[in-house]
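Try each task before you read its solution.

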Amino acid sequence: MKIFTISAAIVLSSLSLYAQEKVQDTTKLEKLEEVLIKSVRVEADSPITHSNLTAKELEKRNLGQDIPYMLNYLPSVVTTSDAGAGVGYTYFRVRGSDGSRTNVTLNGIPFNDAESQGTFFVNLPDFTSSVESLQLQRGVGTSTNGSGAFGASLNLLTDAVQEEAGGSISNSFGSFNTRKHNVKFTTGLLNEHIEIAGRLSNIVSDGYIDRASSDLKSYFLQGSYKDKNTLIKAITFGGREETYQAYYGIDAETLEDDRTFNTVGQMFDADGNFEGYYDNEVDNYAQDHYQLLWNQKIDNNWSTNLSLNYTYGRGYFEQFRDAGDFDFLGAEPIVLNGETIDETDYIRRRALDNDFYAVNANVNYKDENWDISGGLFYSYYDGDHFGEILYSQYPIGYNYKDHYYDATGVKKETTIFTKATYKINDQWAVFGDLQGRFLNHTINGMTSDREPLNVDVSYDFFNPKAGVSYKHDDNNQLYASYGRANREPRKDDFENGLFVAERLDDIELGWRYATEKVKVNTNAFYMDYKDQLILTGAIDDIGQPIRASSGESYRLGLEIDATLDISEKIRVQPNVAFSTNKNKDFFFERDGVLTNLGNTKLAYSPAVVAGNAIIYRPINNVEIGFLSKYVSKQYMGNIDSEASTLDAYFVSDLNVMYTLSDIPVVKEIVFSGLVNNIFNKKYVNNGYFYTYDDDFSVPGEVTTIEGAGYFPQATINFLLGATVKF
């Protein structure tokens, strides 16, 4: 897996100015780092549904679990983990849409893989430790870079420039032999202009699921130049991960009897007797990012931003295969001792070797009434996919690391946008956003199943967005917005014969209420899809979800989140999302007959997702958080089969922080504790569902067989950590 992201992202985005009396007379620079992602973020009072998290908020639970687990308590978010405890391969869904349908940017640079559209945070372990802030926009959101947002967009801003020199050493330990160690430093501003900062991290864990181990290493290094009107950053960050796979799940019977069982890597002899596990059934991947970010204020109205990004990735996953067909490997049967042999045990690797280049340019104009941005984005992806044979039981014509399939993929994209907010008066403001995406994707060669795949397709998308906000008084704001997003199929979709792009029209209506002690955000949404590529519930032989086109479908819901200061010591932060998520007139072939099932529930789309945090500060340097999450029953398929259900679950975590300050040598020591699933619930939040036709058992009859697999999550477990800050 080589991803060379050269994003020569020339982001000419804006420096916001806060007007006090007259913009021309008195201006104050917005924090310079924040303008690096201004083109993909929205302001607090914009007509876009969103949530923000700061570094201080992320720090509370940053003990080794990945970015998706940091999002777990935001509205409409559901998280899961292959290994069951939040380390290794982790995923999240927003409003029922999986991570491949969530647009993710790092400092405004696309992070989604160009072909799979997936977001693999396992490739950037401990990235939370280098995040200054993040914003999760639900729905279509504002125009962004890369694949369109079909459920949400997530943008992350990395560490800000620090004025003073400092550093920290952090260590945490916990269940399943989980450990995290990192060290950070900053020189502070040297000669009032230059800063150098960095981080090194290592996370290891055995995982809750058997053998689902992780060995994760990462780094972050930045050099910055800063003055009143200029910010230039040169950043490099990356990760190395090796994870033992756990992507097959278990059946219902095993879930009851041995919920940590892992089928991956099983080996059997010729008579079908179990021989043990292949100890290198791992995913091994490295990814390096290089970014150059330049933000320039020209005058009180104009500003620009230039970003250059280069990412390099490489790796593979390795598998032991029992009794593989010679035919599949392109080999002819052989005769040994008078016996014809046409099956062999073998070990294979599937690898990626890719380059991704992108250019993005934004410019911003702002005065008392107008805030206007325009931008241009270009990307180029050049990737190789190939399979290697490491070993075969019988001679089949392959030497060590010979390729048994090869394919190349090239994806080019050009995006242009302009967006503007016009303040009509002190109460009314309108927002408009026009984006065009133009892309071409070509693939030549063979799939990993050794099927020919030759694709040359182009897509032209127009994505308009508009909104209006009304400030009734100092406490109440109303907003409404409409957004359209179009999205191209991914490589796996082409392999399954899906070439039609999907379209989403999203309408959001919201009310924000804010006083000194009470803040409430309420919004209703209607997301209308055409040709949505929905998850079928099935997975392929490496655990990747298989999709199908649903024709027409929709999501209709209500989200409420609040912050309530009960007293000086107690804060409550509840949120709840109610939704109905349906396919319209869904057709399914059951028992050999194509049947219209009517309106069926969309897979992985629970009707209720609720969270709550009770924060108690008995004294200034102690904080105790009791966190709860409820997810209602959901279906893993789209045919409303009870065999495809994931039961509702309610789990709670306990988070404690104690800060020891006013001590010699160091600034402070922060002790953190996290008890996950404190009530020891046995729950499952992910799985898969499959059907197949049995036309052998009863001659002349076809019977549809249904089955399911489950990914159990960890029972009670803990993480304890300490961070020494200098």
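A residue is called buried under 20% relative accessible area, exposed over 50%, and partly exposed in between (1.4 Å probe, protein chains only). The model is predicted, so local features need pLDDT of at least 70 and side-chain atom pairs count only at pLDDT 80 or more, while totals for chains, interfaces and linings use all residues. Residues are numbered from 1 along each chain as its sequence is written, and side-chain values use heavy atoms, with hydrogens and water left out.

**Exercise 1. Take in the whole chain**

Task: Find how many helices and strands the protein chain has, and decide how compact the chain is.

Solution: 
- Step 1. Helices (H or I, at least four residues) and strands (E, at least two) are DSSP runs, numbered from the N terminus. The protein chain has four helices and 43 strands.
- Step 2. The radius of gyration, taken over C-alpha atoms, is compared with the globule rule, 2.2 Å times the number of residues to the power 0.38. For 726 residues the rule gives 27 Å, and the chain comes close with 26 Å, so it is as compact as a globular protein of that length.
- Step 3. Along the principal axes, the C-alpha trace spans about 95 × 60 × 45 Å.
- Step 4. Of the 726 residues, 57% count as buried.

**Exercise 2. Follow the salt bridges**

Solution: 
- Step 1. A salt bridge is a side-chain nitrogen of Lys or Arg within 4 Å of a carboxyl oxygen of Asp or Glu. The structure holds 28 of them.
- Step 2. R547 belongs to strand β29 (residues 545-549) and D493 to helix α4 (residues 491-495), so the bridge ties together parts that are 54 residues apart in sequence.
- Step 3. Salt bridges with shared partners join R95, R138, E508 and E559 into one network.

**Exercise 3. Look at a nonpolar surface patch**

Task: Work out which residues make the nonpolar surface patch and which strands supply them.

Solution: 
- Step 1. Patches are made of residues with over 30% relative accessible area and no salt bridge; like charges are joined within 9 Å, and nonpolar side chains (Val, Leu, Ile, Met, Phe, Trp, Tyr) within 5 Å. Accessible areas come from the Shrake-Rupley method with a 1.4 Å probe; for residues, only the protein chains shown count as cover.
- Step 2. F185, L190, I194, I196, L221 and Y225 make a patch of about 490 Å².
- Step 3. Strands β11 (194-205) and β12 (214-226) each supply at least two of the patch residues.
- Step 4. I194 is found in strand β11. With a relative accessible area of 40%, I194 is partly exposed.
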